[in-house]
Amino acid sequence: SFCPLSFLLKMIESYLTAYWIKIFGSLVVFIALIVMFIRQSLGKANAAPQAVVNVLNQLGSDYTVVPNVVVPGERGMFALGNVVVSPYGVFVITVKQGAGKVFGREGDSEWEVKSGRNSNLIRNPLWENRKHVNALEKVIGSVPFNSIVVFPRAVLKGAFGGNVIRLAELSKKITQTKRFRLSLDKLDEILKTLRLRLPTKP
């Protein structure tokens with residue numbers, strides 16, 4: 001026989017079950033959003049300019065990082081953000097902080113950076129790096145140079161060659177070469193010259 005009280009209890013039980021399922025589902029979604037936010041925040045923090053410096057400072061005793069070297073260029077002065085001097089050569093590093101996906105080719109004069117619906121063109125940073133190398137060569141002489149362009153926050157989608165890399169590849173890119181190419185005397189001479197080129201503090 002039909003029992004109104006029993007029916008009512010079942011209705012309440014079903015409602016409460018559905019209610020708690022909704023609460024649980026909302027909590028799962030909320031926690032997932034928090035995890036995504038934390039990961040994105042960590043990613044942005046790791047992609048900050050200081051992150052590149054942190055990688056360079058962990059290269060080891062064979063490598064000396066000389067930041068913010070100022071050298072004369074074709075038109076005015078160049079400020080070279082990161083120069084690494086080692087017995088294996090001099091590494092000239094250009095850092096590009098653009099975020100998104102980078103399209104282009106090694107020989108193109110401009111590369112495209114897409115982020116969502118936004119699209120921007122940038123000058124080929126390999127060419128910029130080459131100008132820096134040429135300017136530095138006039139200061140310290142003809143030594144084995146290694147050009148590196150780093151995109152800490154972008155995804156590389158073009159055929160850029162082996163000298164255009166992500167931040168995670170930077171340490172390996174520098175330390176993979178272990179053939180001695182500079183004497184200790186030459187290293188000391190280069191470092192003394194570069195340190196004279198550092199900006200003076202007020």
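**Close-up views of a predicted model**

**View 1. Aromatic rings that pair up.** The count here comes to four aromatic pairs; rings of Phe, Tyr and Trp (its six-membered ring) pair if their centres lie within 6.5 Å, and planes under 30 degrees apart count as stacked, over 60 as edge-to-face and the rest as tilted. Tryptophan 111 and phenylalanine 160 make a tilted pair, with 4.3 Å from centre to centre and 45° between the planes. Tryptophan 111 belongs to strand E5 (residues 110-115) and phenylalanine 160 to the loop between strand E8 (154-156) and strand E9 (164-166), so this pair ties together parts that are 49 residues apart in sequence. Helices (H or I, at least four residues) and strands (E, at least two) are DSSP runs, numbered from the N terminus. Ring pairs also link Tyr63, Tyr88 and Phe180 into a cluster.

A quick note before you look further: this is a predicted model, where local features need pLDDT of at least 70, side-chain atom pairs count only at pLDDT 80 or more, and totals for chains, interfaces and linings use all residues. Residues are numbered from 1 along each chain as its sequence is written, and side-chain values use heavy atoms, with hydrogens and water left out.

**View 2. The whole chain, for orientation.** The protein chain has five helices and nine strands. Starting at the N terminus, its elements run α-α-β-β-β-β-β-β-α-β-β-β-α-α. Of its 202 residues, 30% count as buried; buried means under 20% relative accessible area, exposed over 50%, and partly exposed in between (1.4 Å probe, protein chains only). Take the contacts (heavy atoms within 4.5 Å) between residues at least 6 apart in sequence: 59% of them join residues at least 24 apart.

**View 3. Two nonpolar cores.** A nonpolar core is a set of buried Ala, Val, Leu, Ile, Met, Phe, Trp, Tyr and Cys residues joined through side-chain atoms within 4.5 Å. Which members of the largest core touch the most other members? Among its 19 residues, they are Val90, Leu136 and Leu194. Strand E1 (64-72), strand E2 (77-86), strand E3 (89-95), helix H3 (125-140) and helix H5 (184-195) each give two or more residues to this core. Zoom in on leucine 194 and you'll find Val66, Val69, Val83, Val85, Leu136 and Ile140 touching it, not counting residues up to four places away in sequence. A second, separate core has 16 residues, including Val55, Tyr88, Ile148 and Leu167.

**View 4. The largest pocket.** About 170 Å³ of space lies in here. The residues that line this pocket are Lys96, Ser109, Arg123, Asn124, Trp127, Glu128 and Lys131. H3 gives the largest share of the lining, three residues. On a 1 Å grid over the protein atoms alone, a pocket is an open set of points where a 1.4 Å probe fits, with protein on both sides within 12 Å along at least five of seven lines; lining residues have an atom within 4 Å of a point. Grid points are joined across faces, edges and corners, and a volume is the space filled by probe spheres set on the points.

View 5. Asparagine 68 sits in strand E1 and has a positive phi of about 60°, although it is not a glycine. Its relative accessible area is 44%, so asparagine 68 is partly exposed. Glutamine 97, in the loop between E3 and strand E4 (100-103), is partly exposed at 24%. Glutamine 97 and arginine 153 are 56 residues apart in sequence, with 6.1 Å between their C-alpha atoms. Over in helix H5 you'll find lysine 186, partly exposed at 24% relative accessibility. Leaving aside neighbours within four places in sequence, lysine 186 is in contact with Ile140 and Val143.
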